[in-house]
Amino acid sequence: MNQALESLLDLLDLEQIEQDIFRGQSRSAVVPRVFGGQVAAQALVAAGRTVPRDRHAHSLHAYFLRPGDPGAPIVYTVDRIRDGRSFTTRRVVAVQHGQPIFHLSASFQTYEEGLEHQADMPPAPDPETLPTAAEMLPRYADAFVEPGVAERLLEAREAVDLRYVDAPPFGSVGTPQEPRSQVWFRTNGKLDGVIDEPLLHVCLATYVSDMTLLDSVLLAHGRGGWAVGDVVGASLDHAMWFHRPFRADEWLLYDQESPSASGGRGLGQARIYTRDGQLAISVIQEGVVRVPR
């Protein structure tokens, strides 16, 4: 396990300051605000800490309300909405400087047998055949609006081994193409021992899910993204459904597409598969995607 992954796990290990109240720290992101995936993952940790261990997260629905301040702690307050025989529901509000910055509802379920079917995994190359971020990002350094962006992106993603199947948006600027994108990802190190629990794997996947989901919106219009300077944007809302068990330290295929963009907003939807073809997660996110004037 590398130091960056250890740092990320520390970030997700919230401090309990009162019953159902937790405090999390932040770290500098590539942009001057808290990374949305961090807030979503920490909020899910807070919710999970108030749920019996035999109940596992099966869905979350969240809204990003205000930009987070990376220099200040975030307080997460959990409301115990419902504890049923099969399902448990929690609501979490993240607060900074006296104002809510994020709202999450999450549902947990005890294991049960049921009907089974799933969408087939799309074709994708083996992740080991694809370039690592350290190999890929320096190729596009000249496309970024500021020097050092490639290094900052590498640092921000150092805890995760994330590999693009095709060129990312900042590698194909000016050429509109099919609004689809695929990446393989896993943590940069194995998770074992006392930290190896289902909730952690779900929270780590939640963290990564906010990194690339709107790429397909940019690809449809030949835009490179904030690092290139041809769009500005931010996540608005985020939803995930966890269908089957998975491990965040084993390869997961993030198959993403955008069915629509309008009104200064873009919609991304995705499926996350295990390497052996099991559909593990479905994801939908809408974000602000504006062309600078």
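Which helices and strands each supply at least two residues of the lining of the largest pocket? I looked this up first. They are helix 1 (3–12), helix 2 (36–48), strand 3 (55–64), strand 6 (99–110), helix 5 (198–212) and strand 9 (232–242). Helices (H or I, at least four residues) and strands (E, at least two) are DSSP runs, numbered from the N terminus.

I note that this is a predicted model, where local features need pLDDT of at least 70, side-chain atom pairs count only at pLDDT 80 or more, and totals for chains, interfaces and linings use all residues. Residues are numbered from 1 along each chain as its sequence is written, and side-chain values use heavy atoms, with hydrogens and water left out.

**Pocket**

I read a volume of about 1500 Å³ for the largest pocket. A pocket here is an open set of points on a 1 Å grid over the protein atoms alone, with protein on both sides within 12 Å along at least five of seven lines; lining residues have an atom within 4 Å of a point. The lining of the largest pocket holds 42 residues. His56, Ala57, His58, Gln109 and Phe242 lie nearest its centre. Helix 5 gives the largest share of that lining, six residues. I sorted the lining by type: 23 nonpolar, ten polar and nine charged.

The largest cavity has a volume of about 40 Å³. Its lining consists of Leu8, Val160, Phe185, Arg186, Thr187, Leu204, Tyr207, Val208 and Ala248. Strand 8 and helix 5 are the elements that give two or more residues to this lining. By type, I have seven nonpolar, one polar and one charged.

**Aromatic pairs**

I searched the whole structure and got six aromatic pairs (ring centres within 6.5 Å; planes under 30 degrees apart are stacked, over 60 edge-to-face, the rest tilted). Tyr140 and Phe170 have ring centres 5.6 Å apart and planes at 70°, so I logged the pair as edge-to-face. These two residues are 30 apart in the chain, each in a loop.

Trp184 sits in strand 8, and Trp251 in the loop between strand 9 and strand 10 (252–262), 67 residues apart. Trp184 counts as buried because its relative accessibility is 2%. Trp251 counts as buried at 4%.

Last, I noted one aromatic cluster formed by Tyr140, Phe144 and Phe170.

Technical notes. 1 Å grid on protein atoms, 1.4 Å probe; cavity = no way out; pocket = protein on both sides within 12 Å on 5 of 7 lines; lining within 4 Å. Points joined across faces, edges and corners; volume = space filled by probe spheres on them. Nonpolar A, V, L, I, M, F, W, Y, C, P; charged D, E, K, R; others polar. Buried < 20%, exposed > 50% of the residue type's maximum accessible area, 1.4 Å probe, protein only.
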